[in-house]
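Please look through the sequence and the model below. The briefing that follows goes from one residue to the whole fold.

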Amino acid sequence: MIAIGQRCPAGARLLADVGGTHVRLGWQGGDGAAIQHVQTLACDAHRDLGECLQRYLQTLGAAGAARPIQAALGVASAVLDDQIRLTNRDWGFSVQALHRQLELQRLVVLNDFTALALAIPALPEPDFWHVGGPATGAPGPLAVIGPGTGLGVSGLVPQADRQWVALQTEGGHVSLAPQDDREAALLSSLRQRFGRVSAERVLSGPGLVNLLQAIAEVDGRPLASDPAPAQVLSQALAGEPQSAEVLALFCAFLGDVAGDLVLSLGARGGVYIGGGIVPRLGAERFRRSDFRKRFEAKGRLAGYMHEVPSYVIASQEPPALLGASRAL
């Protein structure tokens, strides 16, 4: 996380969740106030992030909202130094330059899934679907993972006085392993294209297309054209066989990777699944998938995994905006 400027206990706030496809924005009158003026803007409609944020600020002015003096941006990228470049979007910016461009007293930039993780303790219970395991987990860390345009990964580590530390990770780029001959053949096809198959190559919107292409190649039935990720998902939900296999594999691989994350973090408190894809499946369809079976299939640690609950974050409002506010 990078923070520039002095802490501002009062004053309006600009909040943003910057992904590879959309920028979700909100305005907050001050610490603890309701998040208002929520908008989702398409990245394709803007030259860069600065232009996108300026356009949103113009709409705030037209609506009579106070101009923000501080901002928190969750971005789909590693946040290591002043120069930020999105992983799945040809956008880059300088934190210092953006701070000046927006005329802010304070700017905080953090990874988007770090922001999502920060939101989890503040979200109400109806914002979660319980999709396996006990109703509540043991005291300890929480794991956070979510497929969208990319694959976000974070975690929450409990501290004293019911506080949490959110982790910034690039866990979406861990290696993916097959569990049977069919999966081995599909990942071999993807390996020929990419050289290395990370979890994000499969567990993301573009990953749905990658899986469909691999199935077509392995089965000797080349695609006439490459569909958009939303089309693959729609076809899968409608029962089209190849796309349905894509979705089944997607849920299974997500179980593998989420389970590995729980083991790595010791996240006995549970795993929380965000991102834009899984909520579209609906709770019952996701429960019927192989997600939970593969999540628990950790050999000698199967009993350990059986006691870890899993939830889907299904908030109607972008939860990362709340997390960005908490980062301030």
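Which backbone oxygen lies 3.2 Å from a polar atom of the side chain of T114? The backbone oxygen of L167 does, and such a polar contact is a pair of N or O atoms within 3.5 Å; within protein, one must be able to donate a hydrogen and the other to accept it, and residues adjacent in sequence count only if both atoms are side-chain atoms.

This is a predicted model, in which local features need pLDDT of at least 70 and side-chain atom pairs count only at pLDDT 80 or more, while totals for chains, interfaces and linings use all residues. Residues are numbered from 1 along each chain as its sequence is written, and side-chain values use heavy atoms, with hydrogens and water left out.

**The whole protein**

- The secondary structure comes to twelve helices and 14 strands; helices (H or I, at least four residues) and strands (E, at least two) are DSSP runs, numbered from the N terminus.
- The radius of gyration, taken over C-alpha atoms, is 20 Å, close to the 20 Å that the globule rule (2.2 Å times the number of residues to the power 0.38) gives for 328 residues, so the protein is as compact as a globular protein of that length.
- Along its principal axes, the C-alpha trace spans about 55 × 50 × 35 Å.
- Of the 328 residues, 51% are buried, where buried means under 20% relative accessible area, exposed over 50%, and partly exposed in between (1.4 Å probe, protein chains only).
- Contact means heavy atoms within 4.5 Å; among contacts between residues at least 6 apart in sequence, 69% join residues at least 24 apart.

**The sheet**

- Six strands form an open sheet with mixed pairing, in the order β1-β8-β5-β2-β3-β4; two strands pair if DSSP finds at least two bridges between them.
- The edges are β1 (2-5) and β4 (35-42), each with a single partner strand, so one side of each is left without a neighbour in the sheet.
- From one strand to the next, the twist averages 10°.
- Strands of a sheet pair through backbone hydrogen bonds, either parallel or antiparallel.
- The pair β2 (residues 13-18) and β3 (residues 22-28) is antiparallel, over six bridges, and D17 stands opposite R24 in β3.

**Helices on the sheet**

- Helix α3 packs on the sheet and touches β2, β5 (70-75) and β8 (106-111).
- The direction of α3 makes about 95° with that of β8; axes are lines fitted to C-alpha atoms, for helices over the stretch in contact, and angles run from 0 to 180 degrees between N-to-C directions.
- Helix α12 (residues 319-327) lies across β2, β3, β4, β5 and β8, and runs at about 130° to β2.

**Helix α3 and T114**

- T114 is in helix α3, which covers residues 112-119.
- Eight of the eight residues of α3 are buried, among them F113, L116 and L118.
- T114 counts as buried because its relative accessibility is 9%.
- Leaving aside residues up to four places away in sequence, T114 touches S154, A166, L167 and Q168.
- N111 caps the N-terminal end of α3, with a side-chain oxygen 2.9 Å from the backbone nitrogen of F113.

**Salt bridges**

- Side chains of opposite charge can pair when their charged atoms come close.
- The whole structure has 13 salt bridges, each a side-chain nitrogen of Lys or Arg within 4 Å of a carboxyl oxygen of Asp or Glu.
- R47 meets D48 in a salt bridge at 3.8 Å, N to O, and R47 also forms a salt bridge with E51, where the closest N and O atoms are 2.8 Å apart.
- R47 is exposed, at 62% relative accessible area, whereas D48 is partly exposed at 27% and E51 is partly exposed at 22%.
- E245 and R182 form a salt bridge, with their closest N and O atoms 2.9 Å apart.
- E245 lies in helix α7 and R182 in helix α4 (residues 181-194), so this pair ties together parts that are 63 residues apart in sequence.
- Salt bridges with shared partners join R182, D219, R221 and E245 into one network.
- E245 is partly exposed at 24%, and R182 is partly exposed at 28%.

**A248 in helix α7**

- A248 is in helix α7, residues 241-265, and counts as partly exposed because its relative accessibility is 44%.
- A248 and F128 are 120 residues apart in sequence and 22 Å apart in space, C-alpha to C-alpha.
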